[in-house]
Amino acid sequence: MMGSLEVVGLGAGGHAKLVIDAIDSAGVYEVIGLLDPDESLWETRVAGKLVLGGDELLGKIRLDGVDRAFLGVGSTGDTTRRRMVFEKACSEGFEIATVRHTASYVSATSTLGEGTVILANATVGPESRVGRNVAINAGAVVEHDTVVEDHAQIATGALLCGGVHIGPGAHIGAGASVKQGVRIGDGATVGAGAAVIRDVEAGSVVVGVPARRIR
């Protein structure tokens with residue numbers, strides 16, 4: 001694409017396919033390839049993009065003049081790998097692309113941190129603050145005055161009502177809902193379909209309707 005900025009993808013799984021779709025919808029970046037530690041994916045194509053090899057190629061790609069990357073690593077509860085990949089790319093001198101699907105809505109009065117991804121049909125409401133390396137998946141709703149801290153993941157169709165606070169590295173499962181004003185602690189996991197009506201402690205896991213702690 002003429003005039004597009006070159007970017008390399010970190011991760012070549014299902015989440016990477018969604019981010020590539022968002023990138024292609026906007027036309028700002030040209031994906032030169034993907035990196036993934038899974039050797040079985042090397043030299044294959046994912047969403048039409050070639051998997052070049054593993055993360056050890058980051059330094060070479062940076063020397064070749066590509067200085068932007070996007071995070072294609074998702075989570076199903078533990079966001080640690082996503083954070084580690086982000087931090088490694090930053091340490092190698094990469095700027096992490098912030099990606100918005102053209103079918104998403106982000107209020108002009110909200111803010112997005114570096115490396116955050118907003119997928120198709122997701123909404124970020126007024127006066128909300130989304131940190132660095134956050135994934136807001138397809139159809140998720142982040143309502144007004146909500147804070148989502150660094151490295152958190154909001155899965156498909158989740159609903160965060162007004163004034164919610166999501167701690168760093170927390171994972172909100174698909175279709176879960178969080179009542180207005182509730183705080184989700186650092187690294188906590190909210191299971192798919194849960195209805196959270198009270199604060200959740202850091203590092204804990206809650207499931208069910210209403211949500212209850214199981215770990």
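Contact is defined here as heavy atoms within 4.5 Å. By this criterion, 23 residues of domain 1 are in contact with 20 residues of domain 2. The model is a predicted one, in which local features need pLDDT of at least 70 and side-chain atom pairs count only at pLDDT 80 or more, whereas totals for chains, interfaces and linings use all residues. Residues are numbered from 1 along each chain as its sequence is written, and side-chain values use heavy atoms, with hydrogens and water left out.

The two domains of the protein chain, whose bounds come from an automatic or database domain assignment, are domain 1 (5-97) and domain 2 (99-214). Their centres, taken over C-alpha atoms, are separated by 23 Å. The size of an interface is often given as the accessible area lost when the parts come together. Buried area is accordingly the accessible area (1.4 Å probe) that two parts lose on being put together, summed over both. For domain 1 and domain 2 this area is about 1700 Å², with 57% of it on carbon and sulfur atoms. Thr-79, Arg-82 and Phe-86 supply 30% of the area that domain 1 buries against domain 2, more than any other three residues.

A salt bridge requires a side-chain nitrogen of Lys or Arg within 4 Å of a carboxyl oxygen of Asp or Glu; between domain 1 and domain 2 the rule finds 0 salt bridges. A polar contact is a pair of N or O atoms within 3.5 Å; within protein, one atom must be able to donate a hydrogen and the other to accept it, and residues adjacent in sequence count only if both atoms are side-chain atoms. Across the interface, 9 residue pairs are in polar contact, both residues being at pLDDT 80 or more.

Secondary structure was taken from DSSP runs numbered from the N terminus, namely helices (H or I, at least four residues) and strands (E, at least two). Helix H1 (14-26), helix H3 (80-91) and strand S6 (95-96) each supply at least two residues of the side of domain 1 that touches domain 2. The largest share of this side, 8 residues, comes from H1. By class, the side comprises 11 nonpolar residues (Ala, Val, Leu, Ile, Met, Phe, Trp, Tyr, Cys and Pro), 5 charged residues (Asp, Glu, Lys and Arg) and 7 polar residues (the others, Gly among them).

The salt-bridge count comes to 8. Arg-68 and Asp-67 meet through their side chains at 3.3 Å, N to O, and Asp-67 is partly exposed at 27%. Arg-83 forms a salt bridge with Glu-87, the closest N and O atoms being 3.2 Å apart. These two residues are 4 residues apart in helix H3 and are therefore separated by about one helical turn. Arg-83 is partly exposed at 30%, as is Glu-87 at 40%.

A further salt bridge joins Arg-213 and Glu-201, with the closest N and O atoms 2.8 Å apart. Because Arg-213 lies in strand S25 (residues 212-213) and Glu-201 in the loop between strand S23 (195-196) and strand S24 (205-207), the pair ties together parts that are 12 residues apart in sequence. Arg-213 is partly exposed at 49%, whereas Glu-201 is exposed at 53%.

Lys-49, in strand S4 (residues 49-53), is buried at 18% relative accessibility. Not counting residues up to four places away in sequence, Lys-49 touches Ile-20, Asp-24, Val-31, Leu-34 and Thr-44.

Key: Buried < 20%, exposed > 50% of the residue type's maximum accessible area, 1.4 Å probe, protein only.
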